[in-house]
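Here are a few exercises to work through with the model open beside you. Try each task before you read its solution.

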Amino acid sequence: MSNSLVLAPAPRSEAAEQVRAEVREFLADELAAGTFSTHVDTWLSGVDPAFSRKLGERGWLGMTWPKKYGGHERSAMERYAVTEELLAAGAPVAAHWIADRQSGPNLLTYGTEKQRQEILPRIVAGECYFVIGMSEPDSGSDLASIRTKAVRNGDGDWVVNGAKVWTSNAHESHYGIVLVRTSPSDSANRHAGMSQLLIDLSLPGITVNPIRILDGGHHFNEVVFEDVVVPGDMLLGEEGNGWHQVTAELAFERSGPERFLSTYPLLAEFGRRVVDSGDPAQLTVLGRLSARVLALRQMSLRIAAALDRGELPNIPAALVKDVGTTFEADVIEEVRRVADVMPSLDSPDPLGRALAEAQLHQPGFTLRGGTNEILRGIVARGLGLR
Amino acid sequence: MATDQDLVVETVRDILSGHEPFVLTPARRWDEGLWSALASAGLTGVGLPEEAGGSGGDLADAVAIVRTLASGAAAVPVAEQLLVAGPAVIAAGLTLPPVEEPLTFGIADTVTATPSGDGWTLTGTAADVSWAAVAAHVALLVTGPDGAALALLPTSGLDASDGYNLAGEPRSSLTLAETPAAVAPLNDAQARELRAGFALARAVQLSAALEQVLAWTVQYAGERHQFGRPLGKFQAIQMELAEMAGEVVAVTALTDAAVQALAHGSADVALAAAAAKVRAGAAVEVVARLAHQVHGAIGFTQEHKLHHLTRRLWSWRDEAGSELVWSRVLASGLLADGPDGLWPALTRVV
């Protein structure tokens with residue numbers, strides 16, 4: 001098979017297993033204390049700043065970052081174990097998720113020393129949250145067609161106009177890393193002329209409008225920029241290098257366990273049902289779904305190990321996300337096929353509640369972070385077809 | 001034997017290049033010439049210790065050989081010999097037959113082993129035993145007086161039925177009536193791991209064959225032109241090939257991890273193997289279907305090479321325990337510590 005798709009197996013990490021045990025104990029205590037309850041897809045919907053700060057106190061945010069920015073200089077494999085445990089428990093991790101996963105690493109690569117000093121320690125503490133400013137009302141999968149524009153004014157500052165959409169939890173966040181056009185689009189080179197700006201979401205001229213998802217939940221927003229003056233030194237990386245920088249984020253954005261564990265709490269409830277029923281058909285389905293989880297873990301772990309080697313495996317990450325998000329949705333139908341359960345958010349049956357939460361969030365799984373059609377196009381490139 | 005896997009793989013490829021896959025028929029049930037070439041090169045004893053009569057080398061070498069032969073649709077019982085029967089015979093303390101002679105393996109719970117004089121005899125029917133019609137010796141997982149046992153016997157003179165899997169590989173029923181055999185008792189864990197080892201061997205073969213089918217299909221999509229461009233330039237075809245790739249990468253990642261679990265002597269190797277077999281079997285439907293769809297009618301012909309692997313995929317997924325069997329074993333094992341043990345088990349198995 002094409003080498004661009006295949007990564008070396010991940011070595012077993014004792015350090016990761018140690019921190020996994022610590023996180024597991026912490027989560028059991030928190031659940032027992034009632035600080036949170038388990039839900040599906042909590043990395044989108046579970047905003048809880050107090051919980052994020054607790055994780056920060058434990059040293060479980062910014063885990064791989066340098067100590068001089070408050071980080072803990074641990075491996076991507078250790079971070080993988082922590083994030084995986086949090087997701088499996090359905091813990092409320094949405095507040096800090098984007099900042100910890102990709103905005104911080106982006107600042108480490110492209111930020112100025114001042115930006116790193118000011119912002120990274122606050123992310124590590126679980127106090128500073130980020131949004132991704134990529135999609136726009138007229139630019140979804142075709143990201144290079146964005147129109148949000150930043151123009152230098154006489155003081156050397158950027159004046160930003162435009163709108164970003166699907167910005168998860170912008171109403172609870174502090175900064176956005178926003179992809180803007182800094183030169184007019186060029187049909188000969190569609191990827192040129194874009195830059196990333198680090199934008200404080202409290203600046204004058206920014207309006208955050210809720211976009212409710214189909215169950216009424218407020219996670220997404222439209223963020224409108226009207227003559228927003230962004231200080232000149234908030235350019236992230238190089239002017240005109242935005243497309244390359246966005247692409248470099250994708251290995252972080254697309255490869256983590258949140259791309260196959262969003263519905264794990266449903267699978268866990270189903271496991272309880274199987275123990276109670278002893279039904280062989282249910283047991284079979286649990287086995288088949290578990291085999292898929294085990295394969296996805298190995299795929300995702302290989303990417304964490306590649307990140308530890310300093311690689312940015314974008315094509316394998318796209319593949320993992322395609323396979324993983326397909327699985328997240330399949331859990332719903334597989335469970336329904338063998339368990340007689342009514343999905344309802346107010347069901348007395350925890351399986352019915354988990355099924356309801358999973359069903360109502362399911363359309364998002366294969367859209368967010370790049371649709372599966374776009375991802376398969378990237379995989380096709382990895383196969384040498386493009 | 002060199003332990004350099006690249007060298008091993010290169011040697012096997014060189015040998016394979018002189019033995020194109022052929023349509024198996026009752027008149028030509030296996031590739032005897034290929035077996036002889038592999039045996040002469042010492043490759044039919046890799047991964048088995050020299051002191052037991054093997055060629056040395058480790059599990060990874062043996063797996064590399066099995067993978068290479070599986071992707072070449074080689075009609076020889078090397079997976080059974082190197083990954084299942086050979087290690088099992090040695091572990092049970094029986095005498096390994098000469099590795100130049102094919103040794104195969106079968107699960108035969110309904111066959112009973114009974115002490116007889118200084119030795120043992122076997123009675124019952126061993127169904128669907130791979131390659132029994134062409135192998136010199138067969139190792140069987142049977143039922144002894146105190147539980148599971150491993151039996152080893154020569155195939156000459158045995159009553160073996162004419163049976164074949166979907167690829168034409170011989171799969172015989174052996175009718176045994178007080179047939180003499182060497183027998184060693186196995187404890188429950190040994191028997192469980194032997195079943196799992198057989199499943200893992202098939203998973204390894206499936207994994208390699210799935211990769212090869214993807215590679216053939218990608219190559220064909222690049223060569224075949226319709227509407228003035230290669231098939232692979234059509235988005236509809238790209239989506240199908242990407243879906244195939246997702247399945248193949250998933251199977252490879254899990255199968256590799258299960259082989260690692262075996263190499264490290266993990267206590268969870270049986271569950272790891274079960275998971276690998278289930279995942280590999282599940283991938284067959286997608287990969288074989290889409291490979292045939294992309295190849296079009298030519299891939300449906302006997303003339304085209306594709307069926308050498310797709311027919312094996314459709315057979316191997318149900319051999320050594322189907323997804324149905326292994327998914328139940330896997331789920332029961334993962335729930336062994338109760339409902340809250342599911343997640344800890346998932347993170348422990350591989």
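**Exercise 1.** What percentage of the 350 residues in chain B is made up of buried residues?

*Solution.* A quick note on the ground rules: this is a predicted model, where local features need pLDDT of at least 70, side-chain atom pairs count only at pLDDT 80 or more, and totals for chains, interfaces and linings use all residues. Residues are numbered from 1 along each chain as its sequence is written, with chains lettered from A and ligands numbered from 1 in the order in which they are written.

Step 1: A residue is buried if 20 or more other C-beta atoms lie within 10 Å of its own, exposed if 12 or fewer, and partly exposed in between, with C-beta atoms placed from the backbone.

Step 2: read off the share. Buried residues account for 57% of chain B's 350 residues. For chain A, the figure is 57% of 386 residues.

**Exercise 2.** Work out how the radius of gyration of each chain sits against the globule rule.

*Solution.* Step 1: the rule is 2.2 Å times the number of residues to the power 0.38, and the radius is taken over C-alpha atoms.

Step 1: chain A has 386 residues, so a compact globule would come out near 21 Å, and the chain's 21 Å agrees. Its C-alpha trace spans about 70 × 50 × 40 Å along the principal axes.

Step 2: chain B has 350 residues, so the rule gives a value near 20 Å, and the chain's 20 Å agrees. Here the C-alpha trace spans about 75 × 55 × 40 Å along the principal axes.

**Exercise 3.** Describe the side of chain A that touches chain B.

*Solution.* Step 1: count the residues in contact (C-beta atoms, placed from the backbone, within 7 Å). Chain A puts in 38 residues and chain B 42 residues.

Step 1: find the elements. Helices and strands are DSSP runs numbered from the N terminus (H or I, at least four residues, for helices; E, at least two, for strands). On chain A, helices H8 (264-277), H9 (280-308), H10 (314-338) and H12 (372-382) each supply at least two residues. H9(A) gives the most, with 16 residues.

Step 2: sort by type. Ala, Val, Leu, Ile, Met, Phe, Trp, Tyr, Cys and Pro count as nonpolar, Asp, Glu, Lys and Arg as charged, and the others, Gly among them, as polar. The chain A side splits into 23 nonpolar, seven polar and eight charged residues.

**Exercise 4.** Which residues have the most contacts inside the largest nonpolar core?

*Solution.* Step 1: such a core is a set of buried Ala, Val, Leu, Ile, Met, Phe, Trp, Tyr and Cys residues joined through C-beta atoms within 7 Å.

Step 1: the largest one has 254 residues, and A:Leu197, B:Val66, B:Ala151, B:Ala258 and B:Ala275 have the most contacts inside it. Helix H5 (residues 188-223) of chain B brings the largest share, 19 residues.

Step 2: zoom in on one of them. Leaving out residues up to four places away in sequence, B:Ala258 touches several residues, including B:Leu200, B:Ala203 and B:Val350.

Methods
Two residues are in contact if their C-beta atoms, placed from the backbone, lie within 7 Å.
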